Amino acid sequence: MIFLAEWWDVRDLGNAVGALLEWLGDHGPDWLPYIVSAVVGSITIVVFLLTSLLVFAWVERRLIGRIQARMGPNRVGPWGAFQSVADAIKFVTKEAITSANADRWVFWLAPILVVVPALVVFAVIPFNEGMILADLNVGVLFLVAVGSVTAIPIFMAGWSSNNKFSLMGAMREVAMLISYEIPLVLALLGVVIFTNTMRMNGIVGWQDEHNTWLVFLQPLAVLIYFICGAVEINRTPTDIAEAESEIVAGYHTEYSGIKFGMFWLAEYFAGFAIAAIIATLYLGGWTLWGLEEWVPGWMIFLVKLYGLFWFFIWMRGTLPRLRIDQLMAFAWKVLLPLGLINIFFAGLEVLLWQENDLPAEAVLPGFAIANLVLAVVLIAAWAQLLGRGRPQYRPTRARLVKELGAVIYGEEA
Amino acid sequence: MTMKSEPFVVNVGPQHPSTHGVFRLRFTLDGERIVDAEMIMGYLHRSMEKLAEGRTYIQNIPFTDRLDYLSAMSNNLAYCMAVEKLMGIEVPERGQFLRVIMAEFQRIANHAMAIGSFAMECGVWFTPMMWMFRDREKILDLFEMTCGARLTTNYVRIGGVSFDIPPEFMPAATALVKELPERIAEYESLLLENEIIVVRSRDVGVLPPELAIAASTSGPVLRGSGVMWDIRKADPYAAYDRLDFDIPVGTRGDCYDRFIVRMEELRQSVRILEQALAMLPEGPASVEVPLALRPPVGEAYARIEAPKGELGFYLVSDGSPHPQRFHIRSPSFINLTPLRDMVLGLTIPDAIVTLGSIDIVLGEVDR
């Protein structure tokens, strides 16, 4: 059993699999390692996502409980830790109703398809140097392509339910996803301009090599990507497609049981995917300035991933929801132009750097400071330009009076 | 190519997460824009006014608890004031102050719910609601301490109140009144200064003062439209004429103004409570009234500034132990009437925020 030679090396869980594949390649037909690696990789990703989900469904409820000055789940197991198991059992055992007027096939297919994109994204995410299912040379392009597929199953769900609220939710979701896809791509382009590669591991390697994270070189892009990501995964403040107080539950109003469970699952998976992409592209992935020599890289990566997901939970516990037209206007009027300007400056900087053959240690800190200043100035100037500082959007207080009878309607406060 | 398009009818309610009960709105939409709105009420009609005619004056007090079940104290107060007016009963000074204390605590509890659910309509994920529940809970604890009930209190009685406050009430109430301004500041930093709340509710659901007056609205809905009107000052009852407080008014009549008016009323209620708790006189809390009341033939209308607006009871007595006519002027119902004019041309999210800013309780709308 030669493939178990280095199994104890936890720094790279890929070692054992690598050894197995090598052994298989030597002793079996040529195609066998491909099949085995695909099966092992996909099972690992699914298991990882499901365990993360079980933990984070509980963490989210406890955290939001804390934000809301209440206990959160505390009945099932110690501190309610098995609450997500109980929830999972409930999802599986409840009746999955198909309403009479639904388009049966599409109605059934949508919850299955909706999980796929979020799962497939993880194929190109490097958990460690060797722990990547498919190190595509067009990794970033793959992310964008797969991420935008989500719109289709969601529209299928909304359409097939034959419910007006569902249809409205689905329409909103599609409009939102398509609009936010553009600033999202622009934010990713900044990364590609700097690293000159679309391979995910290449981008991580670039950050490792230059001893910096792209979050410092592209602060504006990170912000844009984070906002777009929050929109894609449909959580407050951008949960417009399933706005509970307006359109009941949006596209999954008619779903129940495990079919609803799949949508819920997909939402979490997509959240993990967005967090993983930010961690990889902007926060150095599995590297941490040399610490990866001592601590397994996948642990560093997971800490970053969960930390980012924690931000999504925090946002959900605090912010109100925007209206659909406000959210769309934000994409087209704010994120898109800012993303374009950001790319222009990124290109200019790289050109300056490469043409003059300057040393990286000298230029990168300069770029970092320049881009941070640029981000702050741009955001402030753009807000001013769009009139966010106009008096009607300033919070006011009620005027206090003692006498009665008069009308002060229309007077400025 | 021209596309065939037609208006689209959506029923919001009677089962919908944000109709505050079984209220139904029938929206005709052009895209997402509302071209027509129809309000359909009556799903919670319990025939209260007719039922009351078969019961004695004292038996009717628990009915009033079930009107606006979030502010039972105020409802009791308004009804008892009407009966006292009919009978010519004078309530002792301590009873008057206890009524003010309870009514103002009730106002805070009600506005906490109103602001919390308004924030939920704006899409916050329960957080303000839960924070508000935390303080409302303490107020309900005070009610429980005094009369044993938390929600349907049945506390204010004809001629006074049912029980004088227990000795542990004063320390608890004073501590709560000390704590509340800090809490209100917390809510203001979370909600009032929140950019998203401002853009969601500013210039949405505008109710011009002419319409507000013509539709006979009252309470925060009227004051949000910039009309300076408060029955506590216009027609003082209980002990309000001896207390110093201000009336918060808005200037634009939109959802945000109605919300900030309620926010400020929380502070003013705390101010009233501070004074009333300090001024609470000694002496009897109520006068003895016979159990079988037979008011003289006549009629009476008493009104108070309930948390939701002007709550009035109109009673006609024919000399028997039962009222011959028992009419409720309920603020929720009347504040709801201009809703159609407020939401026309808006989208569904805005209409929901507008409905949330009116603050209705279906028990009172349908009676």
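## A walk through chains A and B

Start by selecting chain B, which carries 15 helices and nine strands. Its radius of gyration is 21 Å, close to the 21 Å that the globule rule gives for 367 residues, so chain B is as compact as a globular protein of that length. Keep in mind as you look around that this is a predicted model.

Along the principal axes, the trace spans about 80 × 45 × 35 Å. Of the 367 residues in this chain, 54% count as buried. Now think about who touches whom: among contacts in chain B with a separation of 6 or more, 71% are made by residues 24 or more positions apart.

**Next stop: where the chains meet**

Bring chain A back into view and select the residues at the contact.

Now zoom in on β1(A) together with strand β6 of chain B, residues 247-249. These two strands pair in the antiparallel sense over three bridges.

**Last stop: the nonpolar core**

Finally, look inside. The largest nonpolar core has 207 residues, and Ala273(A), Ile278(A) and Ala78(B) are those with the most contacts inside it. Which element gives the most to this core? Select helix α12 of chain A, residues 257-281, which contributes 16 residues.

Follow α12(A) from end to end. The helix has 25 residues and reaches 36 Å from its first C-alpha to its last, close to the 36 Å expected at 1.5 Å a residue. Is α12(A) largely enclosed or largely open? Of its 25 residues, 19 are buried, so this helix is largely enclosed by the rest of the structure. As you turn the view, remember that an α-helix has 3.6 residues a turn, so residues three or four places apart point the same way.

End by clicking on Ala273(A), one of the residues with the most contacts inside the core. Leaving aside residues up to four places away in sequence, Ala273(A) touches Ala118(A), Val121(A) and Phe122(A).

How values were computed
Residues are numbered from 1 along each chain as its sequence is written. Chains are lettered from A and ligands numbered from 1 in the order in which they are written. This is a predicted model: local features need pLDDT of at least 70, side-chain atom pairs count only at pLDDT 80 or more; totals for chains, interfaces and linings use all residues. A nonpolar core is a set of buried Ala, Val, Leu, Ile, Met, Phe, Trp, Tyr and Cys residues joined through C-beta atoms within 7 Å. A residue is buried if 20 or more other C-beta atoms lie within 10 Å of its own, exposed if 12 or fewer, and partly exposed in between; C-beta atoms are placed from the backbone. Helices (H or I, at least four residues) and strands (E, at least two) are DSSP runs, numbered from the N terminus. Two residues are in contact if their C-beta atoms, placed from the backbone, lie within 7 Å. The radius of gyration is taken over C-alpha atoms; the globule rule is 2.2 Å times the number of residues to the power 0.38. Two strands pair if DSSP finds at least two bridges between them. The expected span of a helix is 1.5 Å times one less than its number of residues.
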